[in-house]
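Please read it alongside the sequence and the model.

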Amino acid sequence: MRTATYFFIFLNLSLAMFEEPAVYPLPFLVTSVLEVLCLLVFLGRLAHFATVTLHSVFWRDTKNICIMVAILLSLTDLAIYGVLRVYGVRSIRWSRIVRPIFLINFAESRQIRRAFRSIRNTLPEITYVFLLFMFSLLMFSLMALKLFGERNLQTAEGLPYFRNYLEIVFDLYVLVTTANSPDVMMPAFDFSSWYALFFIAFVIVNTYIFMSLFLAVVYNNYKKHLKVMFERGGMACC
């Protein structure tokens, strides 16, 4: 039963690869039939829970309520999408975002729920580090706008270089991953090699210091919450 549940959960999640817009597109009829099959299996599994559980316990369990709501939303979205498709109206399958609910809320997914709870409890404690990182990113972007925005620099494609604040924020955000390094600084470097110091300082502060700090905070808090959950018997209450 556990293997079958995981199989249909995986099948339901993998449908996103075959639905429009798709990596490997399949006819709508095929994907819709597979989705309805998965939802019927989930509904049957839920009915099985109801037969072996006291009704008062079953209806107080938020996991069961979440699964029922996800099934209802998925069927409603599928029906609306199918009707609109018949009339030639393009729409979006918004119910895709509820599909991970099946992975988290079935009884077989205790380990996943435990990890999810630890992540959820960790998020508030890393907010301050994230806000500090965003403040640093915004300040460096403002400095870049003042340094390069008034010098009429252009990229290799002939586009304006660092003249729009939001575009600067995005480019420097990508630079944190070093994905656009050193291309992002070449127009400024060609103008004056001293401008390379700005990008070196940015990478040191944000990539090597803030990202290491962010990773350390996430890891330590996640480990702490996971340890507390085990000490309180988290496995028994999942």
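How many helices and how many strands does the secondary structure of the protein chain come to? The count is ten helices and zero strands. The model is a predicted one. Its domain assignment gives domain 1 (1–108) and domain 2 (119–236).

**Overall build**

- Read from the N terminus, the order of elements is α-α-α-α-α-α-α-α-α-α.
- The C-alpha centres of domain 1 and domain 2 are 37 Å apart.
- The radius of gyration of the protein chain is 25 Å, whereas a compact globule of 238 residues would have one near 18 Å.
- Along the principal axes, the C-alpha atoms fill a box of roughly 75 × 55 × 25 Å.

**Contacts, surface and charge**

- Of the 238 residues in the protein chain, 34% are buried.
- Taking contacts between residues at least 6 apart in sequence, 67% join residues at least 24 apart.
- The protein chain has an accessible surface of about 14900 Å², and carbon and sulfur atoms account for 71% of that surface.
- There are 21 positive and 14 negative charges, and the mean positions of these two sets lie 14 Å apart.

**Tyrosine 195**

- Tyrosine 195 sits in the loop between α8 (186–191) and α9 (196–231).
- Tyrosine 195 counts as buried because its relative accessibility is 14%, and buried means under 20%.
- Leaving aside residues up to four places away in sequence, tyrosine 195 touches Leu147, Phe148, Arg151 and Ala188.
- Alanine 144 is 51 residues from tyrosine 195 in sequence, and the C-alpha to C-alpha distance between them is 9.9 Å.

**The loop between α7 and α8**

- Proline 182 is found in the loop between α7 (165–176) and α8.
- The peptide bond joining serine 181 and proline 182 is cis, with omega at about 0 degrees.
- Threonine 178 also lies in the loop between α7 and α8.
- Threonine 178 is a residue other than glycine with a positive phi, near 65 degrees.
- With a relative accessible area of 38%, threonine 178 is partly exposed, since that class falls between the cut-offs of 20% and 50%.

**The loop between α6 and α7**

- Asparagine 152 is placed in the loop between α6 (110–148) and α7.
- Phi of asparagine 152 is positive, at about 55 degrees, although asparagine 152 is not a glycine.
- Is asparagine 152 buried or exposed? Asparagine 152 counts as exposed because its relative accessibility is 58%, and exposed means over 50%.

Methods
Residues are numbered from 1 along each chain as its sequence is written. This is a predicted model: local features need pLDDT of at least 70, side-chain atom pairs count only at pLDDT 80 or more; totals for chains, interfaces and linings use all residues. Side-chain values use heavy atoms; hydrogens and water are left out. Domain bounds come from an automatic or database domain assignment. Helices (H or I, at least four residues) and strands (E, at least two) are DSSP runs, numbered from the N terminus. The radius of gyration is taken over C-alpha atoms; the globule rule is 2.2 Å times the number of residues to the power 0.38. Buried means under 20% relative accessible area, exposed over 50%, partly exposed in between (1.4 Å probe, protein chains only). Contact means heavy atoms within 4.5 Å. Accessible areas come from the Shrake-Rupley method with a 1.4 Å probe; for residues, only the protein chains shown count as cover. Lys and Arg count as positive and Asp and Glu as negative; His and the chain ends are not counted. The place of a charge is taken as NZ of Lys, CZ of Arg, CG of Asp or CD of Glu.
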